[in-house]
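Open the model in your viewer and follow the stops below. Each stop says what to select and what is found there.

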Amino acid sequence: MDLFEYQGKQFFAEYGMPISAGEVVFSVEEALAAAERLGTPVMVKSQVLTGGRGKLGGIKFAADIDAVREHATNILGLDIKGHVVERLWIEKASDIAEEYYMSFTLDRGAKKHLGMLSAEGGMDIEEVAASTPEKISKIWVDPVDGLTDELAAQWVDGAGLNPDARDGAIAIAKQLYTSYTDGDADLVEINPLILTPEGKVHVLDSKVTLDGNAEFRHPDYAQYDETQTRDDREQAAHAKGLQYVGLDGTVGVIANGAGLAMSTLDVINQVGGKPANFLDIGGGANADVMAGALEVINDDKNVKAIFINIFGGITRGEEVANGILEAMKRVKIDSPIVIRLDGTNAEEGRAILEPALNDMLMMETTMLDAARRSAELAAR
Amino acid sequence: MAIFVDENTKVIYQGLTGRQGSYYGGLNKEYGTQVVAGTHPKKAGTDVDGVPIYASVAEAVEATGATASCIFIPAPGVKDAVIEAAEGGIEFIVAITEGVPAHDEAWFFNKLQRDHPNVQLLGPNCPGIISPGKCNIGITAGHIAKPGGPVGIVSRSGTLTYQALYELKQKDIGVTTCVGIGGDPVPGTSFIDCLKAFEADPETKAIMMIGEIGGSAEEEAAEFIKNNVSKPVSSYVAGVTAPPGKKMGHAGAIVSGGKGTADAKMEALRDAGVKVGQNPTEAGELMAEIVANL
């Protein structure tokens, strides 16, 4: 679950980190009113769930109210890597002496939390990591021990920050780590973390990704779920509790299990087709789930053929077959369906489907043949 | 021989009284697994289809001599359940539950390594482990696997694990043990743990490895295979054509470098001498060729 910059900053502020005063707005008028209240100069910052806003004109400095009007007008509605800007964060501008980078994320290989800190913060941190990795100070934190004072100091001292920033950076390092663990984040990142001319260390941007699996102990996560950007298809699938990712091809995909669903996309591509989506209906394949999945796929106007790929494990083939037939009675399908049913009691399941087969419902015994058939149908 | 579990393994089920636990525990027992006990803090003295329930893992181990446990506890309770199993004397813990927070996983992985170095955790979010004909712990449909050998399977994906077992059975190829390590960020058992065990197992003559996009586990496994595995390996990595997930921030990209894509993983595996299929069926066919030439 990704947070907008302003949500991330408010999340950081709960853990005591210093952020600038600001307001989230949805129109030019609101932007002007917010800037009046905050007092110029302000920053006009697009709020989108993607990186690289600054380079694409999504962040502007406004010295006065006229500049706020100009930038807010230009940035609202701007397309940033496919994300259309609908909200702005108007923030009191800060004087910057130096820009740093600080983050925590899980290092899956080391199975420890990885902290990265660099004196070379700002926009091109990935470039810094690639060309001068020695300029990034790294620490691996054992989750059982947590970030001790000693380790935090060692980390900050290894990054070569301005000595004036040392104490402030250590304090923020500890707060950031606490927000990362107590807040169940997959990623917390501050870029830039700034040193002001007055010698204060301050949070100027935020990137926060929360672990949806931890929602049970964070009821407040619900507010972030509402602001996730999803297209209409993804929204519909999400409402039905389906694991769905929209793509731009013409073959609708329904499979049970994430691995099999991913594998289905692979095979469709291999035979020259283009999948319209990733959809995992999970272990079982009962009529309710199948009907919901078919509805979502059927509503996608790009879909020209549907490939249902089911492997029966504990769920038996005849249950799957009955589920599919029942679901098809409930949903009026516009595109031809190709089914591949394999695994436990596949023979019995296929026998149930056999009488229902026609030019809108076809069956193939292998994944590859079913992929070919659906790709051909979609190409017609 | 099998790795990790066999016909002598006695298993307790943490969460046997629940819907999932009683269903799969029952199926595992029917398969022939020694399902010796279940645990529930408030239901000690009762039973589930003849399997006695104890208040704690320690009591269940004391009474039955079990060495393995299978966790069907809902996600919020998994952290405590894993530690209870380790402290109760269990040596092999299988956590089936999905949706466990990553911070919990990272915590108990490191906690086990430090305080219980001899305990092996499999999962969470995995289908479990089956040594066909001997022991089945978890949610794999036992009959889709042919007992015997010579192939050992290790997989990150549930349904593709079943697919692999099934493809081999269709070709009349037996399996010593099939381990589903699960696709979570911090799996208790890694590809390398399984490769090491298969390499040491005399009855396993070839290894099938099924990976997925994300992380660097396949690349690490490839490095291990190159240096430490003498047995032939076939592989498939799901997600060759998966769109890159939308990424926030830079830390993930910096950590992964160029790793994590299916192409990079397949390249690393090929480089280690592994036969890589473009889809699960092809990986099965490659394994059939390997077995025919053993």
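Helices here are DSSP runs of H or I with at least four residues, strands are runs of E with at least two, and both are numbered from the N terminus. The model is a predicted one.

**Stop 1: chain B as a whole**

Along the principal axes, the C-alpha atoms fill a box of roughly 55 × 50 × 30 Å. Of the 294 residues in chain B, 61% are buried. Among contacts in chain B with a separation of 6 or more, 73% are between residues 24 or more positions apart.

**Stop 2: the two domains of chain B**

Colour residues 10-122 of chain B as domain 1 and residues 128-292 as domain 2. The centres of these two domains of chain B, over C-alpha atoms, are separated by 25 Å. Where they touch, domain 1 of chain B contributes 17 residues and domain 2 of chain B contributes 15.

Now show the side of domain 1 of chain B that touches domain 2 of chain B. Elements supplying at least two residues each are α1 (19-31), β5 (68-71), α4 (102-115) and β7 (120-122) of chain B. Which of them gives the most to this side? It is α4(B), with four residues. By class, this side of domain 1 of chain B has 13 nonpolar, three polar and one charged residues.

**Stop 3: a sheet in chain B**

Select β8 to β14 of chain B, which form an open, mixed sheet of seven strands in the order β9-β8-β11-β10-β12-β13-β14. At the edges stand β9 (135-138) and β14 (275-276) of chain B; each has a single partner strand, so one side of each lacks a neighbour in the sheet.

Zoom in on β10 (residues 150-155) and β12 (residues 206-212) of chain B, which run parallel and are joined by five bridges. To find one of the pairs, pick Ser155(B), whose bridge partner in β12(B) is Ile210(B).

**Stop 4: where the chains meet**

Show both chains: 54 residues of chain A are in contact with 49 residues of chain B. Elements giving two or more residues to the chain A side include β7 (98-107), β10 (185-195) and α13 (367-379) of chain A. The most comes from α9(A), with ten residues. The side of chain A that touches chain B has 21 nonpolar, 20 polar and 13 charged residues.

**Stop 5: chain A**

Colour chain A by its domain assignment: domain 1 (21-92), domain 2 (98-225) and domain 3 (232-379). The centres of domain 2 and domain 3 of chain A, over C-alpha atoms, are 43 Å apart.

Finish at helix α1 (residues 5-14) of chain A, where Glu5(A), Tyr6(A), Gly8(A), Lys9(A), Phe11(A) and Phe12(A) are buried. What covers these residues of α1(A) includes β1 (22-25), β2 (42-46) and α6 (166-182) of chain A. Just after α1(A), select Gly16(A), which takes a positive phi of about 90°.

Methods:
Residues numbered from 1 in each chain as written. Chains lettered and ligands numbered in written order. Predicted model: local features only at pLDDT ≥ 70, side-chain atom pairs only at ≥ 80, totals over all residues. Domains from an automatic or database assignment. Contact = placed C-beta atoms within 7 Å. Nonpolar A, V, L, I, M, F, W, Y, C, P; charged D, E, K, R; others polar. Buried ≥ 20, exposed ≤ 12 C-beta atoms within 10 Å, placed from the backbone. Pairing = 2+ DSSP bridges.
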